[in-house]
Amino acid sequence: MNEVTRAIADFISGETGLSADELHRWIEVPRDPQWGDYAFPCFTLSRTMKKSPQNLAREIVLKFKPAGLLADCTTAGAYINFRIQREVWAEIVLQRIFFEGPGYGQSLEGAGKRILIEFSSPNIAKPFHVGHLRSTIIGHALCQIFERRGYDVVRLNHLGDWGKQFGEVITAFKRWGSLEQLEAKPLKHLLEVYSRFHQESKDEEPLHEEARGWFRKLEEGDPEARSLWSRFREISVEEFKRLYKFLGITFDSYEGESFYQDWLPGLIERMRGTGLLIESQGAWVVPLEAYQMPPALILKTDEATLYLTRDIAAAEYRFEKWDFAKMIYVVGVPQRLHFQQLFKVLELMGYEWSKRLAHVDFGHVLGMSTRRGEVVFLQDVIDEAVQRAERVIEERGEDKEARIGKILEKERKNIARAVGLGAIIFNDLRTKRTKDVEFDWDRILGFEGATGPYCQNAHVRCCGIMRKYSGEVMAAVDYGVLASDEELDLIKRLREFPEVIERAAAEYEPSVIAVYMLELAMSFNVFLARHRVLGEEKRVTQARVLLTHGVKRVLAACLEILGMEALERM
RNA sequence: GCGCCUGUAGCUCAACCGGAUAGAGCAACAGCCUUCUAAGCUGUAGGCCGGGGGUUCGAGUCCCUCCAGGCGCGCCA
């Protein structure tokens with residue numbers, strides 16, 4: 001919905017007597033811009049009007065008179081193709097961006113509403129690998145998107161810091177670890193003993209028995225277990241925070257699974273009291289057969305709690321604390337059933353707010369093994385990407401220097417970091433989140449074509465032009481000179497931005513922003529290849545500077561949403 | 001076995017909740033920098049939209065079925 005489609009719907013409504021809102025939904029953008037800027041297919045309309053679609057189209061077109069935003073209107077079979085009055089359209093769009101400033105694209109839809117977004121949530125004592133990255137950057141992008149929709153966003157990092165796995169870590173550390181080594185290289189040592197547990201516990205039931213025992217002790221408050229656990233947690237969180245800082249991501253809460261332990265006994269009591277919990281094979285479950293789901297396991301035979309139990313507690317606690325309008329869980333698709341069960345159990349517990357919960361799932365990262373057959377650590381990917389970016393800067397050094405002058409060493413480091421990271425982030429966010437993504441070094445480390453750096457580069461080119469423009473950017477320009485197809489294309493895309501954010505929020509889908517940003521960057525590069533901004537006739541330069549300014553604004557907004565740096569030079 | 005998801009160019013992905021001739025990028029080939037950043041632009045080549053039925057004026061998109069792959073299905077998270 002924009003000013004043009006509104007005008008089209010009003011015009012056809014006037015000719016047919018049907019409601020403009022109903023007609024509006026049929027309006028589309030022709031595949032080939034040669035046909036027109038917007039089109040209205042008459043097929044469905046012809047049924048209610050009892051006329052052939054072609055005749056209907058012709059009749060409507062005969063009534064058309066150019067006015068306001070609509071310059072022209074023709075038929076092509078059953079289609080009515082409209083052409084925009086470019087000058088008027090350019091003025092509406094560019095003035096809006098100019099005057100709204102950074103607020104362009106934002107809305108008040110979520111004003112007064114709070115949304116909780118749980119994302120990233122890595123497991124303590126486990127390496128942060130490229131698989132975890134998806135939740136982190138998808139979640140971060142969603143936070144940015146919902147903030148622009150006016151919501152009060154609360155960022156939750158539901159750390160995996162509780163459960164049998166800590167029994168495993170403690171078992172491993174008691175057997176093979178040492179305090180000296182833990183002091184010297186904390187995380188490395190932790191990973192060493194933990195992976196050793198995995199290797200040796202394959203067919204060793206006693207080891208698992210021991211691990212379960214330690215976790216039970218942990219839940220019972222055993223001092224030794226507690227002290228080890230809290231040291232391990234500290235070490236990991238420190239490492240995670242360093243990484244988040246590097247990524248430019250913050251959280252409002254690091255209340256992980258362990259946080260809810262005091263809540264659990266009361267929860268179990270209440271669930272037993274309502275008769276929701278029943279004993280089954282020695283464990284306690286909520287039967288869900290009636291909803292075509294396997295039973296939800298709440299308490300193990302040894303009375304220890306499970307992931308699901310803690311998630312129920314977390315939901316209750318969060319609703320009490322934050323009174324959210326929405327809460328979304330950015331967690332991988334393998335856990336879909338888990339969340340279906342969670343939401344159903346909460347509903348059965350009588351919480352009307354269970355309807356406000358959503359699982360925002362995403363596909364797995366496949367085949368991310370190195371030659372040694374291990375998972376790829378995020379840190380390694382980042383290092384490799386940054387190094388690769390440094391090499392590119394090195395290779396193009398002379399060429400760049402001739403164009404933009406010497407870049408200081410410090411700035412070069414920052415550019416390499418931003419570009420390397422930009423490539424990784426964009427690669428993850430450009431596809432629909434539910435798709436599995438193939439881990440491919442070449443793809444992640446490519447900086448040309450449909451990549452993050454391509455988009456960053458388009459922004460940089462805007463900056464270059466604005467930097468060299470000596471005049472003042474102003475909204476009072478001669479919009480008539482923005483008459484080329486390339487300029488119209490840019491203006492159309494710029495106008496889409498608010499709707500793009502709206503769609504991204506409605507679908508919990510950051511890729512909508514990524515794809516849009518890429519297309520805007522492409523349009524801008526094509527525009528620059530065919531037209532000059534600076535050094536033209538004054539009124540032309542003024543108008544194109546305003547256009548460039550608009551592109552820069554929107555590109556910068558997209559980059560910020562996705563968590564990528566909008567560089568000035570690169 | 002049951003359930004959910006995914007099959008579009010050699011590869012990685014689009015296609016605006018049914019519309020006109022299915023679009024990009026990578027890889028390949030051929031061009032374009034004495035003027036705003038060449039991390040760029042232009043061109044060539046590349047397709048039975050997994051197969052088969054159906055609904056419709058109209059299907060990559062909806063329904064059925066088959067095939068292939070992924071994920072999940074009580075004491076892990």
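Figure 1. A sugar or linking oxygen of RNA strand B is 2.4 Å from an N or O atom in the side chain of R396. This is a predicted model, in which local features need pLDDT of at least 70, side-chain atom pairs count only at pLDDT 80 or more, and totals for chains, interfaces and linings use all residues; side-chain values use heavy atoms, without hydrogens and water. Residues are numbered from 1 along each chain as its sequence is written, while chains are lettered from A and ligands numbered from 1 in the order in which they are written. A polar side-chain atom of E28 lies 3.2 Å from a sugar or linking oxygen of RNA strand B. For R403, a polar side-chain atom is found 3.2 Å from a phosphate oxygen of RNA strand B. A polar contact is a pair of N or O atoms within 3.5 Å; within protein, one must be able to donate a hydrogen and the other to accept it, and residues adjacent in sequence count only if both atoms are side-chain atoms.

**Figure 2. The protein surface near RNA strand B.** RNA strand B is surrounded by 74 residues, of which R31, Y79, K400, R443 and H531 are the closest. Of the atoms of RNA strand B that come within 4 Å of the protein, 59% belong to sugar and phosphate. A residue is near the strand if one of its heavy atoms lies within 4 Å of it. Helix α19 (residues 452-468) supplies the largest share of this surface, eight residues. By class, the surface has 33 nonpolar, 14 polar and 27 charged residues. Here Ala, Val, Leu, Ile, Met, Phe, Trp, Tyr, Cys and Pro count as nonpolar, Asp, Glu, Lys and Arg as charged, and the others, Gly among them, as polar.

Figure 3. Helices (H or I, at least four residues) and strands (E, at least two) are DSSP runs, numbered from the N terminus; two strands pair if DSSP finds at least two bridges between them. Strand β1 (residues 38-41) pairs with β3 (residues 79-84) in the antiparallel sense over four bridges, and A39 stands opposite N81 in β3. Strand β2 (residues 70-76) also pairs with β3 in the antiparallel sense, over six bridges, with C73 opposite F82 in β3. Two residues separate β2 and β3 in a hairpin, where G77 in the turn has a positive phi of about 65°.

**Figure 4. The aromatic pair F128 and Y244.** Rings of Phe, Tyr and Trp (its six-membered ring) pair if their centres lie within 6.5 Å; planes under 30 degrees apart count as stacked, over 60 as edge-to-face and the rest as tilted. By this rule the count comes to 30 aromatic pairs. The ring centres of F128 and Y244 are 6.2 Å apart and the planes stand at 85°, so this pair is edge-to-face. F128 lies in the loop between β4 (114-118) and α6 (130-148), whereas Y244 belongs to helix α11 (residues 223-247), 116 residues apart. F128 is buried (under 20% relative accessible area; exposed is over 50%, partly exposed in between; 1.4 Å probe, protein chains only), at 8% relative accessibility. Y244 is also buried, at 1%.

**Figure 5. The aromatic pair F324 and W353.** This edge-to-face pair has its ring centres 5.7 Å apart and an angle of 85° between the planes. Both F324 and W353 are buried.
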